[in-house]
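Biologist: I have not seen this structure before. Please show it, and then we can go through it.

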Amino acid sequence: MGADGAQGARTTYREAMREALREALHADDRVFLMGEDVGRYGGCFGVSLGLLEEFGPERVRDTPLSESAFVGAGIGAALAGMRPVVEIMTVNFSLLALDQILNNAATLLHMSGGQLPVPLVIRMTTGAGRQLAAQHSHSLEGWYAHIPGIRVLAPATVEDARHMLAPAVADPDPVLIFEHGSLYNVSGEVLPPSTPVDLDHAAIRRPGTGISLITYGGSLPKALAAADELAAQGIDAEVIDLRTLRPLDDAAITASVARTHRAVVIDEAWRTGSLAAEVSARIAEESFFDLDAPVERVCSAEVPMPYARRLEEAALPQVADIVAAVHRAVD
């Protein structure tokens with residue numbers, strides 16, 4: 001239910017993404033979807049199921065198994081005035097298109113002196129927790145957040161899955177959307193946006209005054225569950241959902257730390273060189289005198305993601321790990 005008491009429709013993250021794609025295809029004839037198995041199969045994770053039948057093969061295009069080729073084709077289409085939405089099955093496979101993303105999509109506007117915008121959206125699944133082993137399970141969105149010239153989104157709620165795509169498609173610059181695989185079956189309420197969705201600011205998912213839990217994507221449910229557990233122990237945790245990983249919302253981070261004076265950053269990526277490291281550094285640079293304890297980080301173990309379920313669970317940040325990090329900061 002919204003702040004004004006309005007009742008929204010209940011749907012899943014997967015269905016919200018599908019409806020966002022449907023809306024984009026209806027709203028603008030320049031928009032088309034392309035990628036491996038997005039058409040007849042309905043997408044590797046079922047997001048585009050039924051769209052081929054509704055919009056036809058010109059608007060929903062199955063591609064060969066060559067990420068470099070079809071991301072490059074998407075860049076070319078964007079340069080020609082189209083609004084392509086390219087789906088890459090998983091973030092690991094996006095590395096095969098990294099040359100196209102970094103050396104073309106992210107740089108052409110700059111290298112052309114502003115003459116060649118690339119209004120391209122690239123969607124991909126990220127994250128672990130589904131026993132898909134090391135080839136399909138890593139969280140590499142922090143790598144992309146390192147690159148100037150692109151916007152990086154990580155919708156963590158059903159509502160953001162539904163409403164972030166429209167402004168991403170309208171953006172004149174390349175936008176990468178990371179959809180955590182563990183979220184596709186999550187259900188939630190979706191309200192029509194009263195204003196266009198803001199892609200520049202983080203969201204406070206739970207207010208608090210005792211400690212800031214700063215996270216994004218598939219780690220948000222774990223942070224919220226940890227906050228519930230901490231509340232039962234008398235610790236009032238604030239949960240910040242970064243939502244946009246590039247550009248980071250520094251103001252939201254520093255404002256939260258100013259309220260709570262402690263911070264735990266939760267990031268499913270590896271600890272070394274991670275987005276958690278960047279957020280921690282910014283807190284040290286901008287909020288050092290607000291801190292009453294060192295910043296804690298909860299990240300994945302620095303190993304290729306295991307296939308075995310218990311090993312995968314051991315490698316990933318869990319609620320108990322977040323709670324333990326909070327206690328290190330407050331006790």
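Modeller: Two strands pair if DSSP finds at least two bridges between them; strands (E, at least two residues) and helices (H or I, at least four) are DSSP runs numbered from the N terminus. This is a predicted model, where local features need pLDDT of at least 70, side-chain atom pairs count only at pLDDT 80 or more, and totals for chains, interfaces and linings use all residues. Residues are numbered from 1 along each chain as its sequence is written, and side-chain values use heavy atoms, with hydrogens and water left out.

Biologist: How many bridges join strand 6 to strand 7?

Modeller: Strand 6 covers residues 151-153 and runs parallel to strand 7. Within this pair, Val152 stands opposite Leu176.

Biologist: Why is strand 7 largely enclosed by the rest of the structure?

Modeller: Val175, Ile177 and Glu179 point one way from strand 7, and Leu176, Phe178 and His180 the other way. Buried means under 20% relative accessible area, exposed over 50%, and partly exposed in between (1.4 Å probe, protein chains only). Strand 7 is largely enclosed because, of its six residues, the number buried is six.

Biologist: Which side chain of opposite charge is nearest to Lys222?

Modeller: Lys222 lies in helix 10, residues 220-232. Lys and Arg count as positive and Asp and Glu as negative, while His and the chain ends are not counted. A salt bridge needs a side-chain nitrogen of Lys or Arg within 4 Å of a carboxyl oxygen of Asp or Glu. Lys222 is buried and has no salt bridge, and at 4.7 Å the nearest side chain of opposite charge is Glu268.
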